[in-house]
Amino acid sequence: MLPNLFKKLTFLLLLCTVVALPHLAFSQPGLKDVYKDYFPIGVAVGTRNLSGEEAALIKKQFNSITAENAMKMGPIQPEEGKFYWKDTDAIVSFAVENGIKIRGHNLGWHEQTPKWIFIGKDGKTVSKSVLLQRLKDHITTVVSRYKGKIYAWDVINEAIDDDPSKSLRQSPWYQILGDDFLVKAFEYAHAADPEAQLFYNDYNTEFPEKRERIYTLLKGLLAKGVPIHGIGLQAHWSLQEPSAENLRAAIERYASLGLKIQFTELDLSIYPWEKNKRARRTGESDVFTPELEQQQADRYAMVFKIFREYKDVITNVTFWNVSDRYSWLDEYPVRGRKNYPLLFDTKLQPKKAFWAVTKF
Ligand code: GLA
């Protein structure tokens, strides 16, 4: 009788250990707790992430949220005057209920912009005054709805041209509005919520030549008195980039303007950066080898070490997507090629990179 009971108890104990092991990380402090004396740690989400085990992971690890797509102009105002609030309301409520800060993303961009916005009632390209009114209506409506809940907005996204010889991107926004695209967008956002912190957000912000073009743009806006409070560095990085030197130089350069710095879309692709979209090649490997996992952990350790050094100017670090279960990089720039750019794996378990940024 006794030995039988003993066997049963041992079996139960074993079972408990096996079930609990993968969740042991959850008994560790979350990222947000480890970084509480540094900066909030954010994550980009869609409504699909807000239930079940992903919601639990978000609540445990993060204290800032960004809508991955829902707040962009196209999804939120697909037709003039018709706003689709369902997804954004759900994301905002989830954050508010769980004491999570919210970054708004974004109010003006050359992508995910609804087609109607540039077309007048006569079917032709709109005039500057009509487009400014539409921009104002959009920004005022969206910012006012979440006034007091969204603490920071990416007002303008990616306005700098990829061509190093140019400054602003030749988008329809720029062609119709010129410099007023930025100036007015920031002014409208500020008028709608004077407390909100307003950011200019862009990619490749650490490349010296683009860094200087962004710096010049922001310096000019500040000199004109435009209400801009910070710069968002997207941080879609890879195992190769940026160098520690370029990262430090970028932080210092932007901070010298008195701007707050937020890393708004962090991920570390396991592939070297490719600018143009292309098809997947036959036989192309997308295996996440132990060597790649280690290299990624080392790079994450390096960039977080630098983030910690600059905690006086860095006010948010946000990851772009929750875990390797889904990343926008699974589709871009090579459709269907799996990527593993985040701190949690496809089973939502912490990767080496997680330990690399939390054990310091
Ligand atoms: C840019 C945008 C983001 C997102 C990513 C790709 O960085 O700022 O909103 O669309 O591209 O997912």
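Trainee: What should I know before we start?

Mentor: The model is predicted, so local features need pLDDT of at least 70 and side-chain atom pairs count only at pLDDT 80 or more, while totals for chains, interfaces and linings use all residues. Residues are numbered from 1 along each chain as its sequence is written, and side-chain values use heavy atoms, with hydrogens and water left out.

Trainee: How many aromatic pairs does a search of the whole structure find?

Mentor: The search finds 24. Rings of Phe, Tyr and Trp (its six-membered ring) pair if their centres lie within 6.5 Å. Planes under 30 degrees apart count as stacked, over 60 as edge-to-face and the rest as tilted.

Trainee: Why is the pair of Tyr-35 and Phe-39 called stacked?

Mentor: The ring centres of Tyr-35 and Phe-39 are 5.5 Å apart and the planes stand at 15 degrees. The rule asks for centres within 6.5 Å and planes under 30 degrees apart. So the pair is stacked.

Trainee: What makes Tyr-35 and Phe-39 buried?

Mentor: Buried means under 20% relative accessible area, exposed over 50%, partly exposed in between (1.4 Å probe, protein chains only). Tyr-35 has 0%, so Tyr-35 is buried. Phe-39 has 3%, so Phe-39 is buried too.

Trainee: Why is the pair of Trp-85 and Tyr-146 called edge-to-face?

Mentor: Here the planes stand at 80 degrees, with the centres 6.0 Å apart. The angle is over 60, so the pair is edge-to-face. Both Trp-85 and Tyr-146 are buried.

Trainee: Why can we say that Trp-85 and Tyr-146 tie together parts of the sequence?

Mentor: Trp-85 lies in the loop between α4 (73-76) and α5 (86-97). Tyr-146 lies in the loop between α6 (128-145) and β4 (150-157). The parts are 61 residues apart in sequence, so the pair ties them together. Helices (H or I, at least four residues) and strands (E, at least two) are DSSP runs, numbered from the N terminus.

Trainee: How do you know that a charge sits over the ring of Phe-199?

Mentor: NZ of Lys or CZ of Arg must be within 6 Å of the ring centre and within 35 degrees of the ring normal. The charged end of Arg-103 sits over the ring of Phe-199, 5.2 Å from its centre. Arg-337 lies over the face of Tyr-271, at 3.6 Å from the ring centre.

Trainee: What makes Glu-80 and Lys-121 a salt bridge?

Mentor: A salt bridge is a side-chain nitrogen of Lys or Arg within 4 Å of a carboxyl oxygen of Asp or Glu. The closest N and O atoms of Glu-80 and Lys-121 are 3.7 Å apart. The pair links distant parts of the chain, 41 residues apart. A search of the whole structure finds 27 salt bridges.

Trainee: Why is Glu-80 called partly exposed, and why is Lys-121 called exposed?

Mentor: Glu-80 has 42% relative accessibility, so Glu-80 falls in the partly exposed class. Lys-121 has 79%, so Lys-121 counts as exposed.

Trainee: How do you know that Lys-128 and Asp-180 meet in a salt bridge?

Mentor: Their N to O distance is 3.1 Å, and the limit is 4 Å. Lys-128 lies in helix α6 and Asp-180 in helix α8, so the pair ties together parts 52 residues apart in sequence. Lys-128 is partly exposed at 36%. Asp-180 is partly exposed at 22%.

Trainee: Which residues are linked in a network of salt bridges?

Mentor: The network links Glu-274, Arg-278, Glu-284 and Arg-337.

Trainee: What makes a space a cavity or a pocket?

Mentor: On a 1 Å grid over the protein atoms alone, a cavity is a set of points where a 1.4 Å probe fits but cannot get out. A pocket is an open set with protein on both sides within 12 Å along at least five of seven lines. Lining residues have an atom within 4 Å of a point. The count comes to two cavities of 30 Å³ or more.

Trainee: Which residues line the second largest cavity?

Mentor: Among them are Tyr-271, Trp-273, Glu-274 and Arg-337. This cavity holds about 40 Å³ of space.

Trainee: What lies nearest the centre of the largest pocket?

Mentor: Glu-158, His-236, Trp-273, Trp-328 and Tyr-332 do, out of 39 lining residues. About 970 Å³ of space lies in the largest pocket.

Definitions and conventions. Points joined across faces, edges and corners; volume = space filled by probe spheres on them.
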